[in-house]
Amino acid sequence: MDEIAAAADVGVGVATLYRRFPHRQDLMRAVLEARFEEVITPVLARVAAVDDPREAVYLALESVVSLASSERPTLAAANNVGALTMDLAWRYFSPVATLVSRGQSTGAFRPDLVPDDVPRLVLMLLGTLPSFPTSAPQGWRRYLDLLMDALSPEGASPLAPVSPVAEHTPRR
């Protein structure tokens with residue numbers, strides 16, 4: 001906290017920092033909120049006006065994975081203090097699910113997708129991040145392209161009926 005206060009604006013002392021953010025979790029939550037508002041909120045507003053649903057979904061997914069890739073230490077610190085919560089995630093998942101639904105109505109996405117698929121698809125993409133060294137931080141883009149292909153109706157195999165994850169048995 002001393003280092004953060006020293007790096008902040010002139011006149012911000014440790015006591016002021018603790019009054020505003022009594023716990024590390026509060027500070028990390030404020031950092032996450034600020035980054036979301038700076039990066040994700042403008043992207044979601046912009047993609048809502050994009051005519052091509054595939055491009056809109058691609059840009060929305062790209063924004064969140066790119067942010068997560070560039071903010072890995074911040075996200076790790078936020079996770080360590082319990083500041084990563086689903087309410088912030090749902091502010092992203094809900095508009096993206098709407099974009100997917102819009103794309104389904106135009107035939108751009110397979111018809112058997114459901115809104116609950118969106119968080120899991122995003123988590124799949126985010127799950128690729130630790131596998132890339134700092135020398136190749138953009139490797140996740142390949143998997144974004146593969147995912148976009150998997151969302152296409154062309155050549156899609158029928159999915160098993162939607163069921164709770166614990167009850168789902170993958171096809172062989």
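Reader: Which residues line the largest cavity?

Author: Happy to start there. Rolling a probe the size of a water molecule over the atoms shows where empty space is left. A cavity is a set of points, on a 1 Å grid over the protein atoms alone, where a 1.4 Å probe fits but cannot get out, and lining residues have an atom within 4 Å of a point. In this predicted model, the largest cavity is lined by V57, L61, V96, V100, V118, L121 and L151. Helix 4 (53-70), helix 6 (86-106) and helix 7 (117-126) are the elements giving two or more residues to that lining. Helices here are DSSP runs of H or I with at least four residues, numbered from the N terminus.

Reader: What is the volume of the largest cavity, and what classes of residue line the largest cavity?

Author: Its volume is about 50 Å³, where a volume is the space filled by probe spheres set on the grid points, joined across faces, edges and corners. The lining has seven nonpolar residues, with no polar and no charged ones. For these classes, Ala, Val, Leu, Ile, Met, Phe, Trp, Tyr, Cys and Pro count as nonpolar, Asp, Glu, Lys and Arg as charged, and the others, Gly among them, as polar.

Reader: Which residues have the most contacts inside the largest nonpolar core?

Author: A nonpolar core is a set of buried Ala, Val, Leu, Ile, Met, Phe, Trp, Tyr and Cys residues joined through side-chain atoms within 4.5 Å. Buried means under 20% relative accessible area, exposed over 50%, and partly exposed in between, using a 1.4 Å probe and protein chains only. The largest core here has 40 residues, and L61, Y92 and F109 have the most contacts inside it. Helix 3 (24-47), helix 4, helix 6, helix 7 and helix 8 (140-151) each give two or more residues to this core. L61 also lines the cavity. Setting aside residues up to four places away in sequence, L61 touches Y92, V122, L125, L144, L147 and M148, contact meaning heavy atoms within 4.5 Å.

Reader: And pockets: where is the centre of the second largest pocket, going by the closest residues?

Author: A pocket is an open set of points with protein on both sides within 12 Å along at least five of seven lines. V64, L75, L84, A89 and L126 are the closest to its centre, out of 26 lining residues. Helix 3 gives the most to this lining, with six residues. By class, the lining of the second largest pocket has 19 nonpolar, three polar and four charged residues.

Reader: Is R29 buried or exposed?

Author: R29 has a relative accessible area of 17%, so R29 is buried. R29 sits in helix 3 and, apart from neighbours within four places in sequence, is in contact with A83, T85, D87 and L88.

Reader: How does V81 count by relative accessibility?

Author: V81 counts as partly exposed because its relative accessibility is 28%. V81 lies in the loop between helix 5 and helix 6.

Reader: How should I read the numbering and the values?

Author: Residues are numbered from 1 along each chain as its sequence is written, and side-chain values use heavy atoms, with hydrogens and water left out. As this is a predicted model, local features need pLDDT of at least 70 and side-chain atom pairs count only at pLDDT 80 or more, while totals for chains, interfaces and linings use all residues.
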